[in-house]
Amino acid sequence: MNKRALLATAGAAVAAVLAATSSATAVGGVPAAGSVLTTGSSAGPAVAVGDVLAASLASGTSAKIATTSGGSTGITCNASAFSATVTSNPAAPGTATETLNSHTLSSCTTNITGATGVQSITVNNLPYTTSVTSGGALTVSAGSAGPIQTTLKINTILGLTTCVYRAGNLTASLSNADNSLTFANQLFTKASGPSTCPANGYFSAKYGPVRDTTQAGAPVFVN
């Protein structure tokens, strides 16, 4: 091999190494674009492990717990929010994972027969485990503290009633158009409470935009 050919081969090898390195990492070893979760845009930098993602209800929407799937009777909450910590964020396509640390619902009203108001709704047994797939689906699973569970304290004409509901995995759809996630008619079944507590609750809510609060509130995209 002559000198010119040798130099060309060496140059190509170096270029290949540099290209592979730059596609895997950005400055400081932070993952670059190409991960399941990115900020700013689908081609933006990867969300780092340890970052906190958060969202409130999408503007103009409310969270609902209906007594029947798609029904109008139940509980409506005008305030709700969550926060989760990213625990893994591999290259896309793939599945990122998070720990759901907080989920609140407040400013709630009810039209359930015999109920006069909602004193509180508490999400129990946190943290939960969350997975986000490149296909645009989010799944919430129970953590080590116990099943997915919600306790409702409802004021009724007979006094305060406590209703406890449990669910299996919850699923939500994700949209990059407005950086939102939407739960639709997610089934909760009564675990304890008097007969005045409805047998089931169907949870629906849209949250967004989901933002990376660790990165100055940048919107989060799923790839």
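A search of the whole structure, which is a predicted model, finds 2 disulfides, a disulfide being a pair of cysteine sulfur atoms within 2.5 Å. Residues are numbered from 1 along each chain as its sequence is written. Local features need pLDDT of at least 70 and side-chain atom pairs count only at pLDDT 80 or more, whereas totals for chains, interfaces and linings use all residues, and side-chain values use heavy atoms, with hydrogens and water left out.

| Disulfide | S to S distance | Torsion about the S-S bond |
|---|---|---|
| cysteine 77 and cysteine 108 | 2.1 Å | about 105° |
| cysteine 163 and cysteine 197 | 2.0 Å | -80° |

The link of cysteine 77 and cysteine 108 is right-handed, and it joins strand S4 to strand S5 (residues 95–110), with the two cysteines 31 residues apart. Strands here are DSSP runs of E with at least two residues, numbered from the N terminus. The link of cysteine 163 and cysteine 197 is left-handed; cysteine 163 lies in strand S10 (residues 159–167) and cysteine 197 in the loop between S12 and S13, 34 residues apart. Cysteine 163 is buried, with a relative accessible area of 1%, and cysteine 197 is buried at 2%, where buried means under 20% relative accessible area, exposed over 50% and partly exposed in between (1.4 Å probe, protein chains only).

The structure also has 1 salt bridge, defined as a side-chain nitrogen of Lys or Arg within 4 Å of a carboxyl oxygen of Asp or Glu. Aspartate 178 forms it with lysine 206, and their closest N and O atoms are 2.9 Å apart. Aspartate 178 lies in the loop between strands S11 and S12 and lysine 206 in strand S13, so the pair ties together parts that are 28 residues apart in sequence.

S8 pairs with strand S7 (residues 128–133) in the antiparallel sense over 4 bridges, pairing being called when DSSP finds at least two bridges between two strands.
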